[in-house]
Each structure stands twice: as C-alpha cells, then as structure tokens.
Amino acid sequence: MLAVFDRAVAPSPEGLRQPGAAGDDSAAGLADRFREARPEAVTVNLGGSGAMAYSSHGQSPLLPRLFGAVDDIFCMFQGTIENVAVLKQQYGLSKGANEVNIIIEAYRTLRDRGPYPADQVVRDISGKFAFVLYDCSTKSVFMAADADGNVPFYWGVDSDGCLVVSDDGEIVKKACGKSSAPFPKGFFFTTSGGLKSYEHPMNEVKPVPRVDSKGEVCGTTYTVDAKAKKDASIPRVGSAADWSSQY
C-alpha cells in the first residue's frame, strides 16, 4: 500500500525531514508508478491533497491488506484485528464488517463529536495492524501502527515536503532518501494533532536521530518524553471549539 499527501494535509513532524540528498524517486507521480509496476493495483487521486494506491500482490496471508471507502473516506489497512466482534458491537456494525469498516467507523465517531479521544480509539484495537485513512470532506489524515510494530510500515518526507507512507520501505527510501524511517510503534498521526503516542497520550513526543552502522544519520525515530506533559485542558461543552480538532 502507498499514500502520498501534500504537506497542507499532512505536515511532517519535527525531525522527520533530514538535511542531505533527497531520494532518487520524486513523490510526484509515485502512485502512477506504483500502479504501472502492479497492473492489478487500485489508485485513488485525491486532487491537490495527494494520492493513495493499493495492491494485494505479494501480501502475507498472516498480514493481509484491505482497502475500502465509505462516504469519501478512503482507508488502507494491513494486518488483523483480534477483537473484531467487540469493535463491531461497539460501533454498531453488521456481522459482515471487516477491519477497514471498523477503522472508518471509528474515525467517523471521532470526527462527529464522538465520546472517545483518538488515543482511546486506537488503544481499543487489539491485534497486528497498520492503517492510513484520508477523509476528503475535511481533508484529514489518520494513521496508526500497533505497539509491537508487527506490520511493516514506513514514512518519510520528500524534497517538496510531501509525506509518503507505505508498507514497502524501499518505495519510501527512494522517494525520501535520508528523510525516511519506520513509522513509530504505538503511535498515531492526524492532520490536526500531529504525531502522538496512544499508549502515553499525555506525554510530549520527541524525535531521536537514527544512526546506521557507518555512524551516519538515516532518518528519525520518535519516543515519548517522560518528563514533558501535554496541556490536558478540555473545551467547554457548547463552546466554539471544534471537537474534531482534538483528535
């Protein structure tokens, strides 16, 4: 799977973009090249916001890929959710709903003034997973990976500031060069809230440079800053604050 987002809808977190040579393969047209290399692939043009591309080719039977869309919300998912039955009941979904349906409905619950914060929604998902979602109506991105990093999931930023996300690390590396890295385990990213840990949502996140065997910086990983806490203030009920911006 592949997603490319303009920096206006997915601003890269501090530290992900590294100085030095960019990748050999520009993010522009990356989804088209993905489809050309995989004739069965499905691509979605998100206009000026970017593009998404999905293929089941070469997938692991233990970590299958899924793609779906509901009301202009597009989602790609890889892995398995262990507590599917519980989440279907929680979100009022039918027995035939799959993991993509669950992620989309969980997102819509957040977007439409749901009772749960985003970290709780992701934390409620038990299993091996990585997903990326785009909402055309609000131009919002939502993505996450499980706490053990069971599913290959990478991201990076190209020379134009576009965010590139894929389960194929080579695709990201070619497009982003040293400004690429594995997506941090146990974290989620949203357009409005940036990168956060869903296991420690009240702590700030800090970038940590990744260093290769030659001692050269090769991307950035992220960790929770145990000493720095976020502002835990909550908007007043009925205030002008938009709850969708709180996830």
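## Strands, cores and salt bridges in a predicted model

Let's start with a pair of strands: β5 and β6 run antiparallel to each other and are joined over nine bridges. Strands here are DSSP runs of E with at least two residues, helices are runs of H or I with at least four residues, and both are numbered from the N terminus. Two strands count as paired if DSSP finds at least two bridges between them.

A quick word on the ground rules. This is a predicted model, where local features need pLDDT of at least 70 and side-chain atom pairs count only at pLDDT 80 or more, while totals for chains, interfaces and linings use all residues. Residues are numbered from 1 along each chain as its sequence is written, and side-chain values use heavy atoms, with hydrogens and water left out.

Back to β6. The hairpin of β6 and β7 has four residues between the strands, and Lys-139 takes a positive phi near 55° in it. Seven of the nine residues of β6 are buried, so this strand is largely enclosed by the rest of the structure. Buried means under 20% relative accessible area, exposed means over 50%, and partly exposed is in between (1.4 Å probe, protein chains only).

There's also an open sheet of six strands, in the order β2-β3-β1-β9-β8-β10 and with antiparallel pairing. At its edges are β2 (42–45) and β10 (180–182), each of which pairs on one side only. Within this sheet, β1 and β3 are held by four bridges in the antiparallel sense, with Phe-5 opposite Gly-50 of β3.

Phe-5 turns up again in the nonpolar packing. The largest nonpolar core has 31 residues, and Phe-5, Met-143, Trp-155, Phe-183 and Phe-189 touch the most other members. Strands supplying at least two residues each to this core include β1 (2–5), β6 (127–135), β7 (140–145) and β11 (187–190). A second, separate core holds 25 residues, among them Phe-77, Ile-103, Ala-106 and Leu-133. A nonpolar core, by the rule used here, is a set of buried Ala, Val, Leu, Ile, Met, Phe, Trp, Tyr and Cys residues joined through side-chain atoms within 4.5 Å.

Now for the charges. Side chains of opposite charge can pair when their charged atoms come close. The model has eight salt bridges, counted when a side-chain nitrogen of Lys or Arg lies within 4 Å of a carboxyl oxygen of Asp or Glu. Here are some of them:

| Salt bridge | N to O distance |
|---|---|
| Arg-35 and Asp-32 | 3.5 Å |
| Asp-167 and Arg-65 | 2.8 Å |
| Arg-111 and Asp-112 | 2.9 Å |

Arg-35 and Asp-32 are both in helix α1 (residues 30–37), three residues apart, or about one turn of the helix. Arg-35 is partly exposed at 34% relative accessible area, and Asp-32 is partly exposed at 38%. Asp-112 is partly exposed too, at 48%. Asp-167 and Arg-65, on the other hand, are both buried.
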